Amino acid sequence: MITYFIDAKNQFIIDVDVRDYGHKKELIKCRMLELYPYQINGNDIWVDEEGNLKDHNYYFQIDNDVVVSGNAVIMSCDDEGETKPPKNLTLEELKSRVNFIGKKEWKENLDGRVWVLRLSWEIPFRRATIWWQRNMWQM
């Protein structure tokens, strides 16, 4: 099945033939897949579930609004939940909507607490991040 693959590290977007769930994990280079809580023209974005837990990762941004950590696979699904090739989205349109950010790292301060370099996150994630930053110092 043809899907779109976004490689955040090497900064390219191509269409690939994905065979199965294991092949998706192999492409994204992850142990567990997660459905990202944002769609592109009704198409799902599959990412590394542990992408934000790594010491560093490569990021890209969709529509100058949504920041995604690591590689991704874009595909749609039918009414029965079966995965299908992307619909209502061309490869050229996807390329025009994606901006690559590059590598970002987690930093550790002097007392061992961890913080992340700030990026332009979408609003719901920003609220969660601000809450986490305020409350982590009370732990």
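**Exercise 1.** Work out whether Glu50 is buried or exposed, and then find its salt-bridge partner.

*Solution.* Step one: start with the accessible area. Glu50 has a relative accessible area of 18%. Buried means under 20% relative accessible area, exposed means over 50%, and partly exposed is in between (1.4 Å probe, protein chains only). So Glu50 counts as buried.

A quick word on the source: this is a predicted model, so local features need pLDDT of at least 70 and side-chain atom pairs count only at pLDDT 80 or more, while totals for chains, interfaces and linings use all residues. Residues are numbered from 1 along each chain as its sequence is written, and side-chain values use heavy atoms, with hydrogens and water left out.

Step two: look for the partner. A salt bridge is a side-chain nitrogen of Lys or Arg within 4 Å of a carboxyl oxygen of Asp or Glu. The side chain of Glu50 meets that of Arg31 in a salt bridge, at 2.5 Å from N to O.

Arg31 sits in the loop between helix H1 (21-28) and strand E3 (33-35), and Glu50 in the loop between strands E4 (44-48) and E5 (56-62), so the pair ties together parts 19 residues apart in sequence. Helices (H or I, at least four residues) and strands (E, at least two) are DSSP runs, numbered from the N terminus.

**Exercise 2.** Find which residues are linked with Arg97 in a network of salt bridges.

*Solution.* Step one: take the pair with Asp63. The side chains of Arg97 and Asp63 meet at 2.7 Å, N to O. Arg97 lies in helix H2 (residues 91-97) and Asp63 in the loop between E5 and strand E6 (66-69), so this pair ties together parts 34 residues apart in sequence.

Step two: check accessibility. Arg97 is buried at 17%, whereas Asp63 is partly exposed at 30%.

Step three: complete the network. Asp63, Glu93 and Arg97 are linked by salt bridges.

**Exercise 3.** Find how many aromatic pairs there are, and describe the one formed by Phe5 and Phe12.

*Solution.* Step one: count. Rings of Phe, Tyr and Trp (its six-membered ring) pair if their centres lie within 6.5 Å; planes under 30 degrees apart count as stacked, over 60 as edge-to-face and the rest as tilted. The whole structure has 2 aromatic pairs.

Step two: describe. Phe5 and Phe12 are 6.3 Å apart, centre to centre, with 70° between the planes, an edge-to-face pair. Phe5 is buried at 5%, and Phe12 is partly exposed at 33%.
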